[in-house]
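Welcome, and thanks for taking a look at this model. Please keep the sequence and the 3D view open side by side while you read.

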Amino acid sequence: MSDKLKKLTDWEKLEELLKKKQKKESMLAVDETAMFEHLRGRVKGQDAVLKDVCRLVSLQCAKQNSERPLANMIFLGPTGTGKTELAKAIAEFLYEDEKNMVRFDCSEFSGDEAKSRLVGVPTGYVGAEQGGQLTRPVLANPKRVILFDEIEKSHPSVFDLFLQLMGEGRLTEQGSGKVVDFTKTIIILTSNAQHEGIAAIKRQQKDYFAMVDALKGFLADTKTFRPEIMGRIDRVYVFDPLQGIAVAEIALLKIKKLAESYGLEVDFVDPELVIKALSENDKVSRFGIRELERILFEFFAPHLAAARKDGADKVTFDVDAKGQIVCKKSG
């Protein structure tokens, strides 16, 4: 350093201030109340799960140092109950955009090549410079939610990766040799396997810790998960099947989102239309809420497209005397 720079400031004080700044930036303060309201705005019928997720994330984010991911969670329950939606909502709240969630469908990672897809192939193989589908996004941005859907379908080599990832918070990318830091990520595993047995255990065990012990034993006995994987999990959450008003709220949220994709706002939806959509969904209930999106698209998309073409900004959906949908401009 030149003499001119040495005299230009108090370097000891500057270094101290820089350390304080880095420490402050490394901490992620979480407002539990604000987080709960945000999650509740997107995920319906699972308030008990949402409250505990907010508490866990808040406590984990308050740590100054961590050698593991911020949280390792597993979401259990039948399909279409909000597991993936909750992961997206957490990413949106903590990391400002749900696109900061990296999602893997583990049914696509059931083969021998699964590990290489996630952490890259060794040097000398074609594509080594591209890195892994898991490691490369985290290298680019370490603040992410990592979602592994239907984890029970993964190849055993993937479970070996999970043990290292959730236990040490680091993975080495093959090919580049770079060590990827996962200590600012949240790891979420989901499964709808054995959901009837899991639901029965939840009904029988009212104490959370007793329920978790029973669930871990059940999942190990049924060979759904290896016991050492369960040992890495911070929280086990069981999602209840959605019923009644919770499903109606989800339907309205999806109608609103569908309208937004056409550049429109929805001012009102006749309750009869909501009930009609839910009745159609009940006929294919084994697909859960996911099928509801298709049904709502069939119901409302043609009207939304026509309204957009006519120059509308806002619309209402009513029912005529024959029970047919009537879309009107509003505002």
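Is F209 buried or exposed? At 61% relative accessibility, F209 counts as exposed, where exposed means over 50% relative accessible area, buried under 20% and partly exposed in between (1.4 Å probe, protein chains only).

## About the model

Please bear in mind that this is a predicted model, in which local features need pLDDT of at least 70, side-chain atom pairs count only at pLDDT 80 or more, and totals for chains, interfaces and linings use all residues. Residues are numbered from 1 along each chain as its sequence is written, and side-chain values use heavy atoms, with hydrogens and water left out.

## The chain as a whole

The chain has 14 helices and 10 strands; these are DSSP runs numbered from the N terminus, with helices being H or I of at least four residues and strands E of at least two. Its C-alpha trace spans about 85 × 60 × 50 Å along the principal axes.

Of the 331 residues in the chain, 42% are buried. If we take the contacts between residues at least 6 apart in sequence, 69% of them join residues at least 24 apart. Contact here means heavy atoms within 4.5 Å.

Two packed helices are described by the angle between their axes and the distance between the axes. Let's begin with helix α3 (residues 32–42) and helix α4 (residues 47–61), whose axes come within 9 Å and cross at roughly 140 degrees. That angle makes α3 oblique to α4. Axes are lines fitted to C-alpha atoms, for helices over the stretch in contact, and angles run from 0 to 180 degrees between N-to-C directions. Angles under 35 degrees count as roughly parallel, over 145 as roughly antiparallel, 65 to 115 as roughly perpendicular and the rest as oblique. The crossing of α3 and α4 is right-handed; a crossing is right-handed if the near helix is turned clockwise from the far one by less than a right angle, and left-handed if anticlockwise. On the α3 side, E32, M35, F36, L39 and R40 meet D47, L50, K51, V53, C54, R55, V57 and S58 of α4. The residues of this contact divide into seven nonpolar, one polar and five charged, with Ala, Val, Leu, Ile, Met, Phe, Trp, Tyr, Cys and Pro counted as nonpolar, Asp, Glu, Lys and Arg as charged, and the others, Gly among them, as polar.

Now turn to helix α13 (residues 271–283) and helix α14 (residues 289–309): their axes come within 9 Å and cross at roughly 135 degrees. That makes α13 oblique to α14, and the crossing is right-handed. From α13 the contact takes in L273, K276, A277, L278, E280 and N281, and from α14 E291, L292, I295, L296, F299 and F300. Eight nonpolar, one polar and three charged residues make up the contact of α13 with α14.

## Aromatic pairs

How many aromatic pairs does the structure hold? There are nine, where rings of Phe, Tyr and Trp (its six-membered ring) pair if their centres lie within 6.5 Å, and planes under 30 degrees apart count as stacked, over 60 as edge-to-face and the rest as tilted. The ring centres of F159 and F162 are 5.9 Å apart and the planes stand at 85 degrees, so this pair is edge-to-face. Both residues lie in helix α8 (residues 156–168), three residues apart, about one turn of the helix. F159 counts as buried at 6% relative accessibility, and F162 counts as buried at 1%.

Y208 and F209 also form an edge-to-face pair, 5.4 Å centre to centre with 80 degrees between the planes. In this pair Y208 counts as partly exposed at 27% relative accessibility. One aromatic cluster is formed by F104, F109, F148, F159 and F162.

## Loop residues worth a look

E96 is not a glycine, yet it has a positive phi of about 75 degrees. You will find E96 in the loop between α5 (83–95) and β2 (101–105), and at 74% relative accessibility E96 counts as exposed. K223, also not a glycine, has a positive phi of about 60 degrees. The loop between α10 (208–221) and α11 (227–230) holds K223, which counts as exposed at 73% relative accessibility.

Where does D112 lie? D112 is in the loop between β2 and α6 (114–119), and it is exposed, with a relative accessible area of 68%. The C-alpha atoms of D112 and S157 are separated by 7.7 Å, while the two residues are 45 residues apart along the chain.
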